[in-house]
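Open the model in your viewer and keep the sequence panel beside it. Each stop below names what to select and then says what is there.

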Amino acid sequence: MPPVARLSWNVVFPLILSAAAGGCTHANQRLNDPGVQLERRAGNRTFAATAVNVAPIHSEDTQRVRPEGGESAGGDDTSAAARGQSPDVRPDGYFVGLALSGGGSRSANFSAACMFQLQRLGMLQHVDYISSVSGGSLTAAYYCLHGDNGWNPGRVQKKLTHSFATDLIVGTLIPWNMPVLWFSDWDRSDLLSDSFASVLFSRKGRELTFKDLRADRPRLLINATDLQTGRRFIFCNETFDELNSDLSKYPVADAVAASAAVPVLLHHVTLRDFSTRFKQYRHLVDGGVADNLGVQTLAETYTAQLEAAAKHNLPDPYPRGAVLIVIDARTEYDARLSHRGDVTFFESLSTGAGLTSTVLLNRASSATLAELVVQNANDNRTAGEIREDIDELERTGGVTLEGRNGKPVRIIHLALSHVDDLSTLPHHSFHEHVNNISTYFNISSEEAFNLYEAAELLVREQFEAHLASLAREIGGEGDMGEPERTEATPTPQPVTKPSP
């Protein structure tokens, strides 16, 4: 039976009665009693934190050390809350952020494929923050919850090619689920969250929460959009402090479902605001509505930490600047209509909707990258120079800026749409196959294979030397020129190529 078919008649009627009586349940739980003075309230201490409300805390360790086998010394329970530690800032002098864009299973698999390439080059190990949206949140959360035993190409490919959308459809049509969907607060987003939890975010029958985030992984920042204000909502300590809600007990699957809750297709995810005795709620939808790249959260976190350090008269926590890596799963729309003399009415509607949404999303993403350059440019830069920086980023996929504090800000844009510009492709129609992978939460093994191949080609042809050199520089080894290519370094590929 699919994982979403978990309800039976013995729980259907209590849920219906609860809904009829006006009662409802919400996954988030209260952190402090509303009667506690604000200055005395306990704060959240998970590894989902922007650390913008407090002065930066530096670790005495020179690096995050992973014991042999990839597991932390404390086993799987290595969260900050479990170890009684505060999140820390790595003292290598760099702010390294990784942004994973939205785009359903296409984004989830392309993000994973690019991350394995970054790991091969030694760059992923230096990432401090991961900010994710929609499909990218599946990969980001999975990476931050599992050690190396779970983070390997074979297992990740198997899990991220699961047919989550099919689970959702089946769960919606199961007869005993229908009354609950109709008469209670349990909805389509809950079904999707159940599927995410069953496949990705559970351990030994227990659903994983933000308490389970690993100390040896980057801080996780999952982005959704507040339906009332249209602003970004970040699942992090600071946001849940404002809600007076306990983030450590909140299911990660629910946060990912909120990040992927496409308006109309999925129901919004509701959170209770416990900061007051009056009943107040926050309603969340897909994070791509506000920022489909997830990179604005990284840029604001970096800037806010610099400002916090200055406010507390502390040294610059990132004297060597920032590195922002954006993995962007957007493609150029291709409806495969060139061989058709005419199309049906429904095909026309579907194609028009797909074209409109793709073009608007791509334009919004381009605008976000341009805004990123403007926000991080030194005040001495002229308008013409800033335009040149934006053009260089769009054309080459990378640019180095002089930040407002005079420190370098390096932006690297790994875009699936740039596969069209590669000089070497497996076959002449490869770009067409890649562009036609939908943003649905179902994906075929062949489509996933193409995404892994695209990620490898993109990194090797356009970013290999720069990323390897940058990884050595952050690691304190300096720039030693072009990386040596050897067959000893394995390339993350699907276990088997799908049959034609």
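**Stop 1**

Select L401 and V409: in β11, V409 is the bridge partner of L401. Before going further, note that this is a predicted model, in which local features need pLDDT of at least 70, side-chain atom pairs count only at pLDDT 80 or more, and totals for chains, interfaces and linings use all residues. Residues are numbered from 1 along each chain as its sequence is written, and side-chain values use heavy atoms, with hydrogens and water left out.

β10 covers residues 398–402 and β11 covers residues 408–415; they run antiparallel, joined by five bridges. Strands count as paired if DSSP finds at least two bridges between them. Strands here are DSSP runs of E with at least two residues, helices are runs of H or I with at least four, and numbering starts from the N terminus.

Which side chains of β10 point to the buried face? Select V399 and L401: they point to one face and are buried. Buried means under 20% relative accessible area, exposed over 50%, and partly exposed in between, with a 1.4 Å probe and protein chains only.

Move to the turn. Five residues lie between the strands of this hairpin, and G406 takes a positive phi near 85°.

**Stop 2: the whole chain**

Zoom out. The chain has 15 helices and eleven strands. It has 500 residues, and 53% of them count as buried. Take contacts (heavy atoms within 4.5 Å) between residues at least 6 apart in sequence: 79% join residues at least 24 apart.

The chain exposes about 22,600 Å², with carbon and sulfur atoms supplying 52% of it. Areas come from the Shrake-Rupley method with a 1.4 Å probe; for residues, only the protein chains shown count as cover.

**Stop 3: a nonpolar patch**

Select I169, L173 and Y440. They form a nonpolar patch on the surface, with about 300 Å² of accessible area together. Patches are made of residues with over 30% relative accessible area and no salt bridge; like charges are joined within 9 Å, and nonpolar side chains (Val, Leu, Ile, Met, Phe, Trp, Tyr) within 5 Å.

Centre on Y440. It lies in the loop between α14 (430–435) and α15 (445–474). Y440 is partly exposed, at 42% relative accessible area.

**Stop 4: a salt-bridge network**

Select E464 and R120. They form a salt bridge, with the closest N and O atoms 2.9 Å apart. The pair links distant parts of the chain: E464 is in helix α15, R120 is in helix α3 (residues 104–120), and 344 residues separate them. The rule asks for a side-chain nitrogen of Lys or Arg within 4 Å of a carboxyl oxygen of Asp or Glu.

Are E464 and R120 buried or exposed? E464 counts as buried, at 4% relative accessibility. R120 also counts as buried, at 17%.

R460 counts as partly exposed at 23% relative accessibility, whereas E456 counts as buried at 15%. Both lie in helix α15, four residues apart, about one turn of the helix. Salt bridges that share partners join R120, E456, R460 and E464 into one network.

For another pair, select R395 and D391. This salt bridge has its closest N and O atoms 3.5 Å apart. R395 and D391 both lie in helix α13 (residues 383–396), four residues apart. R395 is exposed at 56% relative accessible area, while D391 counts as partly exposed at 41%. The count comes to 17 salt bridges.

**Stop 5: aromatic rings**

How many aromatic pairs does a search of the whole structure find? It finds 14. Select Y143 and W151: this pair is edge-to-face, at 4.8 Å centre to centre and 65° between the planes. Both residues are buried. Rings of Phe, Tyr and Trp (its six-membered ring) pair if their centres lie within 6.5 Å; planes under 30 degrees apart count as stacked, over 60 as edge-to-face, and the rest as tilted.

Then select F210, F233, F235, F240 and Y250. Ring pairs link them into a cluster.

**Stop 6: H146**

Finish at H146, in the loop between α4 (135–145) and α5 (153–160). H146 counts as buried, at 12% relative accessibility. Show its neighbours: leaving out residues up to four places away in sequence, H146 touches L200, R203, L208, R214 and R217.
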